Amino acid sequence: MSALSFSIDDELINEKIEESVNEKLEDLAFLPSIMNFKQIVKVLPFSKKRLYAVLRLYDSILDERNGGCVFYPGPGQSYLFRRKEFDQFVHDHWVEIITIDLDAYESDKIAYKASFTA
């Protein structure tokens, strides 16, 4: 029985990682400071479903009419996000955001919001 041997080209791996990082940075470099819903979903580290839950659960904090960073739309309008402030909000509330029980939220949004401590 012969032993299987192989070598890893660290330089090639580093080059591929650097290419990938640079591609991502190019995409992020030209992001506007005000973003719509579709744009913000692309840069968030969580799903669209979770974002909808965040927007509903934290509406009193996020609504720009209350000094927040999100424009809540009327009929025919779209959510608008001030990106820098929304990024800071996500950073500050990260643990609460990722621990939202989406199944419980989807089953009864009103009861979940009533029990949610923001």
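**Close-ups of a predicted model**

**View 1. R82 and its partner E85.** R82 forms a salt bridge with E85, and the closest N and O atoms of the two are 3.9 Å apart. Keep in mind that this is a predicted model. Why can two side chains like these pair up at all? Side chains of opposite charge can pair when their charged atoms come close. E85 has a relative accessible area of 38%, so it counts as partly exposed. R82 is partly exposed too, because its relative accessibility is 29%.

**View 2. R82 again, this time with E64.** The side chains of R82 and E64 also meet in a salt bridge, at 3.9 Å from N to O. This pair links distant parts of the chain: R82 sits in strand 3 (residues 80-82), while E64 lies in the loop between helix 4 and strand 2 (70-71), and the two are 18 residues apart. Is E64 buried or partly exposed? With a relative accessible area of 34%, E64 is partly exposed.

View 3. D59 has 27% relative accessibility, so it counts as partly exposed. K113 is partly exposed as well, because its relative accessible area is 27%. In total, the structure holds five salt bridges.

View 4. Now take a look at helix 5, which spans residues 83-92. Which of its residues are buried? They are R83, F86, F89 and V90. These four cover an arc of only 120 degrees around the axis, which means they are on the same side of helix 5.

**View 5. A negative patch on the surface.** D9, D10, E11, E15, E18, E19 and E23 form a negative surface patch. Pick out E23, which is found in helix 1 (residues 10-29). Is E23 buried or exposed? E23 counts as exposed because its relative accessibility is 53%, and the cut-off for that label is over 50%.

View 6. I8, I13, I17 and V21 make a nonpolar surface patch of about 360 Å². One of them, I17, lies in helix 1. At 49% relative accessibility, I17 counts as partly exposed, because the exposed label needs over 50%.

**View 7. Stepping back to the chain.** How many helices and strands does the chain have? Its secondary structure comes to eight helices and three strands. Starting at the N terminus, the elements run α-β-α-α-α-β-β-α-α-α-α. Of the 118 residues in the chain, 27% are buried.

Conventions:
Residues are numbered from 1 along each chain as its sequence is written. This is a predicted model: local features need pLDDT of at least 70, side-chain atom pairs count only at pLDDT 80 or more; totals for chains, interfaces and linings use all residues. Side-chain values use heavy atoms; hydrogens and water are left out. Patches are made of residues with over 30% relative accessible area and no salt bridge: like charges are joined within 9 Å, nonpolar side chains (Val, Leu, Ile, Met, Phe, Trp, Tyr) within 5 Å. Accessible areas come from the Shrake-Rupley method with a 1.4 Å probe; for residues, only the protein chains shown count as cover. A salt bridge is a side-chain nitrogen of Lys or Arg within 4 Å of a carboxyl oxygen of Asp or Glu. Lys and Arg count as positive and Asp and Glu as negative; His and the chain ends are not counted. The place of a charge is taken as NZ of Lys, CZ of Arg, CG of Asp or CD of Glu. Buried means under 20% relative accessible area, exposed over 50%, partly exposed in between (1.4 Å probe, protein chains only). The arc is that of the directions from the helix axis to the C-beta atoms.
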